[in-house]
Amino acid sequence: MRALSIATYLALKEVWRGRGRFLLVSLVIALITLLVLFIAALGEGLANGNRQYVSNLNAQLIVFLQKSDTNISSSQLQVDTVRQIRRVDGVAAAGPIYTSSTEIEANKSPLKVSLLAAEPGQPGLPPVIAGRVFHTGDSGEAVIDQNVALRSGFQVGDEMTIRSTQGGTDEFFYLRVVGLTSNQSYFFQPTIFTSAATWEKVRPQSAADLKDDTPYPNIIAVQLADPKQIQSMEMQLLTKVPNIEVADIPTTINAIPGYSAQQGTVQTQGVFTLLIGVLVIGGFFQIQILQKVPQIGVLKAIGSSNGTVGASAVIQIIIVTAIGVGIGGGLTYLFSLGFPPTIPLVFNGTSSLFAVVALLLIGPIGGLVSVIYAVRIEPLKALRLQ
Amino acid sequence: MKEIVLEVRDLVKTFILDGAPLNAVDHVSFQVHSGEFVALVGPSGSGKTTLLSILAALLTQSSGEVFIDGQQLSAMGESERVKLRRSRIGFTFQSNNLIPYLTAQENVEFMLRLNGTLGKVNRLRAEELLARLGLEDRLRSLPAQMSGGQQQRVAIARALIHNPAVVLADEPTASLDTERAFQVVQTFAALIHENQRAGIMVTHDLRMCKYVDRVLQMRDGKLVNECKTRIEIEALARGEH
Ligand SMILES: Nc1ncnc2c1ncn2[C@@H]1O[C@H](COP(=O)(O)OP(=O)(O)O)[C@@H](O)[C@H]1O
Ligand SMILES: [Mg+2]
């Protein structure tokens, strides 16, 4: 115990008396922290923009067309599939979801949105937080995400113009905003929701599509009576309903085009930034130890144990890293206050916490070699290295 | 009769140099009593530092025995040696003596910290000892802010503060000018006599011997001469040998 208190004493004294030098290293760590936290937030933000609608679905399973590889846009189900699913025991509710994307004519510039259709009261249509749900049938009504309202300026009661390509020519449609929902980004775009009939009319279509006026759902969101029975219900659905494929929500999210690749890229950037941190800290402490050989020799010669010397080196590294991560975290917080809501940065607890833990580890990992080196210095160096 | 604090019996240290064995310390025997200050002199390469390293439990001998306070060094494990170094031995080194990020006072107190004896009384003793060495207004100075002579005096205080049995000094005057060197050695000798320590000072400067009680001369690892009387020592210090 005395060894540890002496180690702490030495570490604190050394850091304090060399605070200029150590602060410099802490600042480098702070910048790395800033970078890593922003990368994590960006990754989280991008992921969110991609998956938010799907991960907020009030459902446990998603039904796709067979052989669609759980890819939402390449799946197109038959109209009666939803009825077959609802008949399966253990299914509490099933909601068809129709996906597309289009552009709304906002006052400033056109805004790309995801155009989704779902049935009121079924999974697939998120809760409306203001106004009301659209009427079914070709009502020409829409519920829009708050983010759409924020960016386009449209409010409940407004009429918005949609530009959509119909077999090669651009046509304009009018939708009345009747309600608002929140946090429903899909495919990097904020969403607007309509009835299936309205969706079929206003969505962009190829010439071939135009001939058929029946809306076909891309996927069906299935809510289970017992949300824990995901695996057995997956089997049930596959045996009872023909021509389908079933996936849980995480699988569906991972199969969103580009999702995994993008997350992989962001994570690689994060890991490389951390590696740079390890090298910077490792380099600094290694150089420092090399300069300190005589004084560590003296420490040992006058009776400090190897444990004391090693612990002091470790404590010092932890102090410097912790200060750096602290400063970096503070800087990140200050910067994040000044960012506009359109930039997809999400400082969510888990990924930021994960990044902070990784950052706190880079010090000890980077400094490991120097600590081992310090422990191995022979006390004889006090007499011989002059 | 003063008690024997340090005893060296037929000590040998053999290095292999370019494939051939070399006795850096070659069958050396002597004793040092409490309150006695001994100089170890000899030309460069004669084995002084090697001998001192063995006495300090920093290097193990090839054969022979060293007893400090009656304890046999060769019978000790590494952790016992570490403990012996911090409790029974005091050190000054040629250079790089002090911990650079500790003040003069903290450097001296560090010895007490290591031994778990840093209390109010001992803190005061450390201050008094530094004052005795003329450093009363440098207590809070860092080594880099002190001259070589001041640093060497802080090192002497550190070597004595924890009441060690043996004080070992390797070339304590190497980086000092003559006048400073005399001052430092004189104070060193006085403190060793007052506190009844056994002191061994390695030096290549024979003039420094005028403050010691005995001079051991080494050559090629062997003790070749011993000056015991005041007359012999003074003559040696004047260079009449
Ligand atoms: N680690 C070692 N390995 C090999 N030879 C050594 C080693 N240390 C010292 N020596 C040799 O031992 C002899 C005595 O050296 P040293 O004790 O340093 O003498 P001094 O301190 O009197 O100058 C020298 O010849 C030196 O080269
Ligand atoms: Mg030497």
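Biologist: Which polar backbone atom is 2.9 Å from an oxygen atom of ligand 1?

Modeller: That atom belongs to Lys48(B), and the pair is a polar contact, meaning two N or O atoms within 3.5 Å. Before going on, note that this is a predicted model, where local features need pLDDT of at least 70 and side-chain atom pairs count only at pLDDT 80 or more, while totals for chains, interfaces and linings use all residues. Residues are numbered from 1 along each chain as its sequence is written, chains are lettered from A and ligands numbered from 1 in the order in which they are written, and side-chain values use heavy atoms, with hydrogens and water left out.

Biologist: What does Thr49(B) do with ligand 1?

Modeller: An N or O atom in the side chain of Thr49(B) is 2.7 Å from an oxygen atom of ligand 1. A polar backbone atom of Ser46(B) is 3.2 Å from an oxygen atom of the ligand.

Biologist: How much of ligand 1 does the protein bury?

Modeller: The protein buries 69% of the 560 Å² that ligand 1 exposes when taken alone, with areas from the Shrake-Rupley method and a 1.4 Å probe.

Biologist: Which residues come nearest to ligand 1?

Modeller: Of the 13 residues around ligand 1, those that come nearest are Arg384(A), Gly45(B), Lys48(B), Thr49(B) and Thr50(B), where a residue counts as near if one of its heavy atoms lies within 4 Å. Because residues from chains A and B surround the ligand, the site is shared between chains.

Biologist: Which element gives the largest share of that shell?

Modeller: H1(B) does, with three residues; helices here are DSSP runs of H or I with at least four residues, strands are E runs of at least two, and both are numbered from the N terminus.

Biologist: Switching topic, how do H9(A) and H12(A) pack?

Modeller: Helix H9 (residues 259-291) and helix H12 (residues 349-376), both of chain A, pack at an angle of about 30° with their axes 8 Å apart. That makes H9(A) roughly parallel to H12(A), a word kept for angles under 35 degrees.

Notes: Polar contact = N/O pair within 3.5 Å; in protein donor to acceptor, adjacent residues only side chain to side chain. Axes fitted to C-alpha atoms, helices over the stretch in contact; angles between N-to-C directions. Parallel < 35°, antiparallel > 145°, perpendicular 65-115°, else oblique.
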